Amino acid sequence: MNIDLGKRDWLKMSTPALRRPKFSKGSDKKNVVDQQFIILTLKNGMKLVVSSDSFHGIVMIGKTFRCVLCDVEIETAFKEHHKSLVEHKKLLNKFPYVTEFSENLIRQINKINCYCTICNVTMGSVSVMLHIRTDEHIHKLNRAILRADTYKPLDVNNNST
Ligand SMILES: [Zn+2]
Ligand SMILES: [Zn+2]
């Protein structure tokens, strides 16, 4: 057992970032890799793990981000800051998950649009019923549920992925 752990640690150490090409040091990419996850517990007791960006309604458009709740563009450097804004947090409460879609985590973000937290996409309200039946959505939803089984808050310290 101990030997096994030692071996694994050694393997981790033996794969340094040295072989990465120099041009990959763009800081915008790092934020995507460092994406944090949030565990959500629904009223019915169901647990799901979604990325922090999805939870906050922040979608990636090209090289920048957009908060679909606040309807603003966010520069990468300010993404985490944006999540902490009072106005943004108010909107998280103002646009709760639509009860009838329960674990599909659909937020109604304005009169005509909804946001799917599972897929991190927006769509017209009329398309939601269709959307939650798509293979892609079902697959991502299942993954979010499975992740909840293995989710550990200590993931922040786990660099193996
Ligand atoms: Zn926002
Ligand atoms: Zn979806």
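Visitor: Which strand order does the open sheet of three strands have, and is the pairing parallel or antiparallel?

Guide: The order is E6-E7-E8, and the pairing is antiparallel. This is a predicted model, in which local features need pLDDT of at least 70, side-chain atom pairs count only at pLDDT 80 or more, and totals for chains, interfaces and linings use all residues. Residues are numbered from 1 along each chain as its sequence is written, while chains are lettered from A and ligands numbered from 1 in the order in which they are written.

Visitor: What makes strand E6 and strand E8 the edge strands?

Guide: Strand E6 (106–108) and strand E8 (121–124) each pair on one side only. Strands are DSSP runs (E, at least two residues), and helices are runs of H or I with at least four residues, both numbered from the N terminus.

Visitor: Why is Val 126 called exposed?

Guide: A residue is exposed if 12 or fewer other C-beta atoms, placed from the backbone, lie within 10 Å of its own, buried if 20 or more do, and partly exposed in between. Val 126 has 9 within 10 Å, and is therefore exposed. Val 126 is found in the loop between E8 and helix H6 (128–131).

Visitor: What percentage of the 161 residues is buried?

Guide: Buried residues make up 16% of them.

Technical notes. Two strands pair if DSSP finds at least two bridges between them.
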